[in-house]
Amino acid sequence: MKRTMMSLIGAGVALAAVTGVAAVAAPGGTEGGAPQGASRMPVQRSALLCPAPTSSEVGETTYTAFAPKGAAGDDAAKGTAELLPAGTVKDSGGTGKGGKDDKGGKDGKGGTVEGPQTVAPHDHKPVVPLKAAGTPVTATTSSSDAPALVGTADGASAPGWSVQQTTSVAAGAGRGLFGLSCVAPDTTFWFPGVNTGKDRQDYVHLTNPDSTQAVVDLELRGKDGRLAAGSGEDIAVPPHTTVPVLLSTLVSSPGSADTDAALHVTAREGRIGASVQATDAETGGDWLPAAADPAPGAVLPGIPADATSVRLTAVAPGDDADLKVQLATPTGLITPSGLQTLHVKGGMTTTVDLKDITQGEAGSLVLTPADGGSKAPVAAALRVIRGKGGHQEMAFIPSTRPVEERATAADNRAKGSTLSLVAPEKGKDAKVTVTASAGSGGGSAASKTYTVKGGTTLAVEPPRPQGLKGSYALTVEPADGSGPVYAARTLAQPQGGIPAFTVQTLPDDRGSVVVPTAGQDLSLLTD
């Protein structure tokens with residue numbers, strides 16, 4: 001790599017702070033995550049995208065927005081954060097193709113087939129605009145055609161801005177609790193654990209936050225490799241619009257469907273947010289968020305103690321991968337019976353039924369390169385089921401990034417929240433401070449510090465605000481010198497005899513970026 005010096009260093013520092021584009025320190029770096037001679041600065045602008053929540057007539061969605069108090073300052077007048085409704089390309093059972101010029105084509109009978117039709121939002125009123133850092137804001141809708149949302153946060157509201165979308169569906173296919181942390185726009189996403197079989201309906205929602213069209217490719221991979229090559233290419237996503245795509249329409253025939261597949265979403269032009277909504281008549285439904293970028297290992301935190309079925313799907317985008325599989329329990333790392341190692345063929349998926357692996361104790365799955373095996377990168381996710389018979393509910397846990405500086409779960413209730421913290425490396429204890437914000441309707445913040453022994457999972461009922469009214473946010477902050485730590489929050493809201501629940505992993509919020517000081521060699525900030 002060329003070692004270059006930046007002559008206009010002041011402009012680079014400003015750009016990094018405004019866009020959030022700068023080197024993010026890796027675990028094991030210097031104190032504060034910044035290389036020597038560099039410094040951390042809070043980001044000055046953040047973007048988030050929330051997909052359309054549900055088409056159910058018996059669904060209710062709550063949006064919760066939150067920005068933690070921090071180094072950027074606590075004065076709300078110095079920052080803004082809000083979401084605006086996006087347009088929708090109505091799903092027609094297929095994909096909206098056409099690249100740059102999506103003008104339709106011939107229908108085979110001499111007529112013209114129109115391109116995808118965009119439906120504008122009913123109104124343009126901001127949703128959950130933040131009033132002050134440190135206090136969540138909520139909004140609720142029961143509309144079956146609630147739109148996707150796109151938005152930005154600036155200034156003091158930008159660092160750590162998060163929005164949680166929680167939907168309760170009372171009946172029908174996909175009944176249960178759907179939870180999702182709204183996503184930042186990007187150009188590539190991996191979704192291990194999608195399903196194109198007849199018993200499930202999985203939609204990927206593609207949302208474009210920008211004023212120019214995005215062009216997206218969807219690639220499905222299964223146990224035998226790529227599924228239906230070319231069927232998900234050149235999907236046009238108009239500006240400020242969302243496009244839902246039913247994944248089963250991407251396979252050429254029912255025989256090519258795969259119940260344990262992985263979806264790779266790539267934006268060839270522009271950038272998008274992507275999330276998968278999965279529904280099942282027997283096991284309810286939930287959002288499947290994107291997994292962490294493929295890496296030689298993976299941590300999947302927060303498997304509930306009472307899980308009755310746990311299913312792992314892993315995909316190796318490149319070469320074959322060999323993985324050691326361990327469960328981080330409250331007392332240490334154990335190896336599931338008969339599963340010392342897992343081999344994942346390059347370009348394919350591998351699925352393992354882990355059954356009721358937790359056996360009454362909350363745990364987290366830890367995947368590391370097997371001794372003497374390949375260290376090729378993988379992405380992974382778990383489908384977790386609680387309950388039995390006709391009273392089952394499913395949720396998903398993708399592999400996630402560690403909490404390096406801070407992470408947030410925005411929507412927590414007076415009852416039903418469980419926080420899982422895992423220190424995956426034996427001998428490297430993690431010390432974290434968990435802060436419950438003020439309530440959306442009142443109450444004062446409260447904090448508690450936890451120590452997680454290396455190689456274990458700690459599942460706790462998190463602190464609650466004093467005098468809580470409404471919902472509240474949780475922030476997780478590792479202490480200086482702490483060992484690596486990963487986190488997830490489970491929200492359980494039973495519906496009659498259904499153990500409805502959803503799990504959100506808590507990756508680092510990347511509310512700060514590493515920027516160089518004047519005259520510093522920029523090659524020191526990158527690999």
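Q: What does it take for two strands to pair?
A: Two strands pair if DSSP finds at least two bridges between them. Keep in mind that this is a predicted model.

Q: In S30, which residue is the bridge partner of arginine 383?
A: In general, strands of a sheet pair through backbone hydrogen bonds, either parallel or antiparallel. Here, arginine 383 has phenylalanine 396 in S30 as its bridge partner.

Q: How many bridges join strand S29 to S30?
A: Six. Strand S29 covers residues 379-386, and the two strands run antiparallel.

Q: In what order do the four strands of the open sheet lie?
A: The order is S27-S23-S29-S30, with antiparallel pairing. Strand S27 (349-355) and strand S30 (393-398) are the edges, each pairing on one side only. From one strand to the next, the twist averages 20°.

Q: Now the cores. Which residues touch the most other members of the largest nonpolar core?
A: The general idea first: in soluble globular proteins, nonpolar side chains tend to be buried together. In this model the largest nonpolar core has 31 residues. Val204, Leu206, Leu218, Leu263 and Val265 touch the most other members.

Q: What does leucine 263 touch, not counting residues up to four places away in sequence?
A: Its contacts are Phe189, Trp190, Phe191, Val194, Val204, Leu218, Glu219, Leu220, Leu247 and Val276.

Q: How many cavities of 30 Å³ or more does a search of the whole structure find?
A: Rolling a probe the size of a water molecule over the atoms shows where empty space is left. The search finds two such cavities here. The largest cavity holds about 40 Å³ of space.

Q: Which residues line the largest cavity?
A: The lining is Leu49, Cys50, Pro51, Val183, His205, Thr207, Gly273, Ala274 and Ser275. Strand S2 (45-50), S14 and S20 each give two or more residues to this lining. S20 gives the most, with three residues.

Q: How much space lies in the second largest pocket?
A: About 960 Å³. This pocket is lined by 38 residues. Ala52, Thr54, Ser144, Asp145 and Ala146 are the closest to its centre.

Q: Which strands each supply at least two residues of that pocket's lining?
A: Strand S9 (137-141), strand S14 (200-208), strand S18 (241-246) and strand S20 (273-280) do. Recall that S14 and S20 also give two or more residues to the lining of the largest cavity.

Notes. Residues are numbered from 1 along each chain as its sequence is written. This is a predicted model: local features need pLDDT of at least 70, side-chain atom pairs count only at pLDDT 80 or more; totals for chains, interfaces and linings use all residues. Side-chain values use heavy atoms; hydrogens and water are left out. A nonpolar core is a set of buried Ala, Val, Leu, Ile, Met, Phe, Trp, Tyr and Cys residues joined through side-chain atoms within 4.5 Å. Buried means under 20% relative accessible area, exposed over 50%, partly exposed in between (1.4 Å probe, protein chains only). Contact means heavy atoms within 4.5 Å. Axes are lines fitted to C-alpha atoms, for helices over the stretch in contact, and angles run from 0 to 180 degrees between N-to-C directions. On a 1 Å grid over the protein atoms alone, a cavity is a set of points where a 1.4 Å probe fits but cannot get out, and a pocket is an open set with protein on both sides within 12 Å along at least five of seven lines; lining residues have an atom within 4 Å of a point. Grid points are joined across faces, edges and corners, and a volume is the space filled by probe spheres set on the points.
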